[in-house]
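The following exercises ask the reader to work from the sequence and the three-dimensional structure together. Each task is followed by a worked solution.

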Amino acid sequence: MMATDSYIPEVGSQNRIDNTPGKTMRGAISGLMGRSNILRIASGYFSLSGVVQLEDDFNEFFNSSENNKVKLLISNQYDGVNTDTRKILGIAEGIEKYDAESFYLDNEFYKAMVRWIKEGRIEVKIFVDSEFYKTHSKNDIAFLHGKAYLFSNKEDDRRGDVLIGSSNFTYGGLVKNRELNIFSQDSFPPIKEWFDEMWTNYSEKYSDELLEQFEVQKKYYAKPKISYTPITYLYWNLGKFYGKKTPKSLDIRIREIEKNLPYPKHKDGNKYFVHQLTGIKHVYTQIKKFDTQILADGVGLGKTLEAASIIKLYLQDLQVKNDGRKILILANDRLKEQWLDELSNVKVDPSKIDIITRQKFTGMDDSKLKHIAESYALFVIDEAHEGFLSRKNKAYIKVREVIKIARDIQGRTVRGLLLTATPWNNSREDIIRLGLLFLNIQKVPHDRVYFDYLLTNREKLLYDTNDSGNYNHKAYVQFWQDLFYQRTRTSLAREKYLSDRYPNRCFPLENEKEPFTLKYSSEVSKALTEILNRLIDLKLPYQDTVWQYFGSDTVSNIILRQRYMLLRRADSSNAAFGGSLKNIKNRLEEFQKNILILRKSSLAEIKKFFYRLVDEDYADNYSEDESTLDLGDSGIEDELNTSKTNRIRYINQKLTEQTVDMYLRKMLNDTMSDIQSMDEILTQWNIVSKDDEKQKIIVKQIKDIISKHGKVLVFSEFSDTVESYYRQMLQDPEILSVGVGMIHGNKNKINFEECTKEEVLGRFSPESKSYSLFDDEKEISVLIGTDAISTGQNLQDANSVITIELPYNPMRLEQRIGRIDRPKLHGENNIYIYAFPSEEIINAELKLSERFENKAKNAKMDTEGDFKLPFISNGKYSGVKSTVSASDESPNKETITASVEEEEAQERVFDFYREMGDVFPLNKKLKFLPYSFNNDSQTILLFKTVLRDINNNNINNPADRPSLWNISTNKKMSFVEAENTVKKLLDQDAYINV
C-alpha cells in the first residue's frame, strides 16, 4: 500500500510541491517510485523519520523487482561552516534538530532496510567535495546543500522525472515543513549529470556509517509500531450496516447523462451538485415504486435539471420496453424556454416530449383527454401548486380523468412527476392532494399506516388535525417520506459534512438593529410622499370599472394588483414611474372619450362595452408576463370564471334604461376629477424627477463592487428601468472598462454591441456556463436584466446581486439570489445581497394595504386570493435578510427535508464495503481485534446487542443497525458525524505510545 497521499505530479502551473494538503513531498515521491526502477536521492539530511513515511513504498519498490535500486548521496549531516550564523538567525539545521524527530518504527521493516543497505540494493555515499581529497581531513568535508530526487527506469536513461527544491529526506522535509520543490522532466539530463559527477568524483562509501546512525536514531527516537486493528475495519463495518447504494447500472446511466452537461466540474469532479445527484437517483427509483413523486426542492436548487435527467432515464426505459409513448410536460409559457434548454442539455429527443400550458390542458374535451391517455407514459407538472391543490379544480379533475382512462380502461401504466417549491400553501391537505393525484394505491406497501386510510376513503385522517383527535401523524410522515422529496438552501447549509458547501449569504447594508432603507433628500422625500398619497386616493374609473361601479362595496383584487404595481414601479426608477404616470393620464383621457360616446349610445351597445372591459381586465391582470404579481393559486381558472361571471351578472342587473345615465355621469365626473389631479401630479413630478437619486446610489454601489474585482448581477422587474440603468452605466468609464451586459425581452447587449443571450451570459459567467472566450472577447463584470434571467441560470462566477425593487413574492427574490447562490469553485465562499427600498414607498404600501383591509373587514374579496406584503411584519418593514431567510425555511414543521449529507455518506461507506468485499481481510497478528485505536481523544464505539431466546436462537430484527457512541462525551453519535470522523483517518493505522 502506497503512502496515503500518493500522487503523480504534472508538469505545468500545478507542479509546485510545498507540503500543503494534496501536495506533499512524501506523496510525490510515492507516486513516482511506483513507476520507476532506479531512484537517486541527494539530500543534506537523511533520517529514519523520513524513511518510515514511505515504508509501504520501499517494500513494494524492492519486492516488485530484484533489479530495483536506490542511490543515496547524503551530507555529513552538519554544516560546520555556516552553523554559527544560522544559529544566530534561529534557523539552524544541525543534526540535533532532525534526529529529535520521534517516529513509529516497524521492526520488520527496519530489518529489511538494513538488509537492503548491506546487499547494496540501497547504495550509500557521503558527499566530501574536492578539498577533502587534498587534505583527507574530516574538517574539510563539505556540506551538500543541493536536494534532488531522480526517478528513471534504467541506469543510463536520459529521460526521467525530477523533484528538486528544498526538501531533505526527513519527516519535516517530506511532510511537516512548508517547503518549495518543483517537478520537472526537461531538467532530468543536467541534474542526472550533476548527480553522477558528485557520486563518482566527490563522494565516499558510507553504508556502514549510516547503519550506525540508524541504530542511534532507533534507540533514542523510535517508538515501536504495533499493528492494531486498522481504522479501515471500522469504516468497513459502517458500510456493512449503514451503506446504501443505487444500483450500479443506474449510476452508469446517470454518469453518461452527466458527461454531456455543458456545465463545469465541481470540486468533487462532478457536474451535478451532490443534492441534484441524490435527487435524481431517489426520485427516479421512488416514482417506479408508487407511480408518483413530488420533487419539492427550494427555489433555485435545479429542479428542472433534475427532472430533465429523470425524463431522459424514463425515455430510455420506454425505448427498452418498445413503448412508443411520449412524455407530457405541463408548464407555464414563461418556463418553456428553460425546459427546452435543460432537455437539450441532457440530450433528450425533442420528438419524444410535448410541452403545453395547464390552461390548454384544462380546456381539452373528452376525445382529446382519451388521446392524451393513449399517448403519454409520464406527466411532468411544473409549479404543481398552481391548480392542483384542490380536487375541485378543473386541472386536478382532468388529470384524474386521464389517469382513470389510462389505468382502468386502457390498462396502461401512467406516472406523474410533480415539481413545486411550495407543496404546503394553506394546509396539510395540500400535501395529501398533491400526493394522491397520481398515486397508485395498489403499489403502496400494506404495512404503511396510511394504506388502510386510502383503501377505506379515510384520507382525511392524514391531514385533519381537528378531527376529534383521530389525525394520525405517523401516517402523514410515512405518506410524505414515500412520495415527497425536499431540500432547501437552509437545510443544505446546515449540513456541515456535505461535500458541496453553499456560500454564506451576507447583507452588507443590513444590521441587527434595524433594516436598511434608502434615504432621499428632504425635498424629494416630501414631494414623492405627496405624489404617492394622491395617487392612492385616485378613483381611476378605468380599473375594474364594473366592480367599482356596479359591484358591492367589496375589495377588487384587480384594482389591488394595479395599485401595488404602480407603487412597485415608483420603487423601481424615475423612468418606470414617469412612464406609468403618463400612461395613467392617457388611460383617463381615453376612458373619458369612451364615456362621452356611450352617453349617446343604446343600452345594448353600452352593455357590450362593459362586457369587453371585463375580458380586458382579466387579460391584462392575469397574464404570464414579467410583471405578474404571483399572488398564489388555489384554482385560479375557476376563480376567474366565477369572478367574470359575477361581473357579467352585475352589468345585467345594474344597467337599465333608468340607471344607465346616472352611472355614466358618475364615471365621467370621477374621470374628470382624476385628470385634473394627474395634471397637478405630473407638474410636480417633472420638477422632482430631474435626478434619479436612487439610481445614482445603486450605480455607485455597482462601482464599489467592481473596484474590488467583484462581479455583480442587477435585477429589475421592469424593462424601462433596465434600459435606464444600462444607459447610465454605458456613460460611466469605470463600469464600461470592465464590461456591462443587458438582457430583457429579445434584447441582448454587451456595451454598445448587439449579442446573443448565450454570449452575454457566457461572458459574464464563463466558468459556470462553460463558455470559451474567443481571442477578441473579454469577460464582463456587470449584468443587468429582468426576471427573464432569474430562473434556470447558473451565474455563480458573480459574488454580488442587487435587486433594484423588492418583488411582492419573496420567491421571486429568492430566484434572483439563487442565480449566484451556488457552491463556489474558487475564492471566498460568500455572496452579497443588496436591496434599496425607500421609506416613502414602504409607507405608501402600508397606507394602501390599510385602506383595502378596512374596506374588506365586512365584505368578501371578489376572489379567494389574499394579498400580503412579504417584507412587512407588525406594520413595519422587516428587512430583506429576515424575509429571505424565512422564505427558504421549510414552510412548516410538517414538511420534512431530506439529508443529502447522509445519503452521500451512505454511498461512500457502501462503495468502500463493496470494494473490500463481504469478508474483511484481517491479519491474525493484529492486536486487540476488533478494536481500532487513534491518537486523538475522540473514541467511537460501534456495537450491536444480540438477543437470543432460551434455545439460543437470534431474536433480533435483521434490519436493526448497531449503535454509534462517542465514548469521550458518553453521547450517542449520528452516522454522518461518525462517518466523517472515520473517513479522515482512512488508511491510517493508529499507534499507542509505548
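**Exercise 1.** Which residues does Ser-184 touch, not counting residues up to four places away in sequence?

Solution. The model is a predicted one, in which local features need pLDDT of at least 70, side-chain atom pairs count only at pLDDT 80 or more, and totals for chains, interfaces and linings use all residues. Residues are numbered from 1 along each chain as its sequence is written, and side-chain values use heavy atoms, with hydrogens and water left out.

Step 1. Locate the residue: Ser-184 belongs to strand β8. Strands (E, at least two residues) and helices (H or I, at least four) are DSSP runs, numbered from the N terminus.

Step 2. Apply the contact criterion, heavy atoms within 4.5 Å. With residues up to four places away in sequence set aside, Ser-184 touches Gly-160, Asp-161 and Val-162.

Step 3. Examine the side chain. Ser-184 and Ser-187 are joined through their side chains by a polar contact of 2.7 Å. A polar contact is a pair of N or O atoms within 3.5 Å; within protein, one must be able to donate a hydrogen and the other to accept it, and residues adjacent in sequence count only if both atoms are side-chain atoms.

Step 4. Assign the exposure class. Buried means under 20% relative accessible area, exposed over 50%, and partly exposed in between (1.4 Å probe, protein chains only). Ser-184 has a relative accessibility of 14% and therefore counts as buried.

**Exercise 2.** Determine which residues make a nonpolar surface patch of about 240 Å², and classify Leu-180 as buried or exposed.

Solution. Step 1. The patch is made by Ile-164, Leu-180 and Ile-182. Patches consist of residues with over 30% relative accessible area and no salt bridge; like charges are joined within 9 Å, and nonpolar side chains (Val, Leu, Ile, Met, Phe, Trp, Tyr) within 5 Å. Accessible areas come from the Shrake-Rupley method with a 1.4 Å probe, and for residues only the protein chains shown count as cover.

Step 1. Leu-180 is placed in the loop between α8 (171-176) and β8 (181-184). Its relative accessible area is 52%, so Leu-180 is exposed.

**Exercise 3.** Explain why helix α34 is described as largely enclosed by the rest of the structure.

Solution. Step 1. Helix α34 spans residues 810-818, and seven of its nine residues are buried; the helix is therefore largely enclosed.

Step 1. The buried residues of α34 are Arg-812, Leu-813, Glu-814, Gln-815, Arg-816, Ile-817 and Gly-818.

**Exercise 4.** Which parts of the chain does the salt bridge between Asp-291 and Arg-415 tie together?

Solution. Step 1. A salt bridge is a side-chain nitrogen of Lys or Arg within 4 Å of a carboxyl oxygen of Asp or Glu. The side chains of Asp-291 and Arg-415 meet this criterion at 2.7 Å, N to O.

Step 1. Asp-291 lies in the loop between α13 (274-290) and β12 (292-295), and Arg-415 in strand β16 (residues 415-419), so the bridge ties together parts 124 residues apart in sequence.

Step 2. Asp-291 counts as buried at 1% relative accessibility, and Arg-415 counts as buried at 9%.
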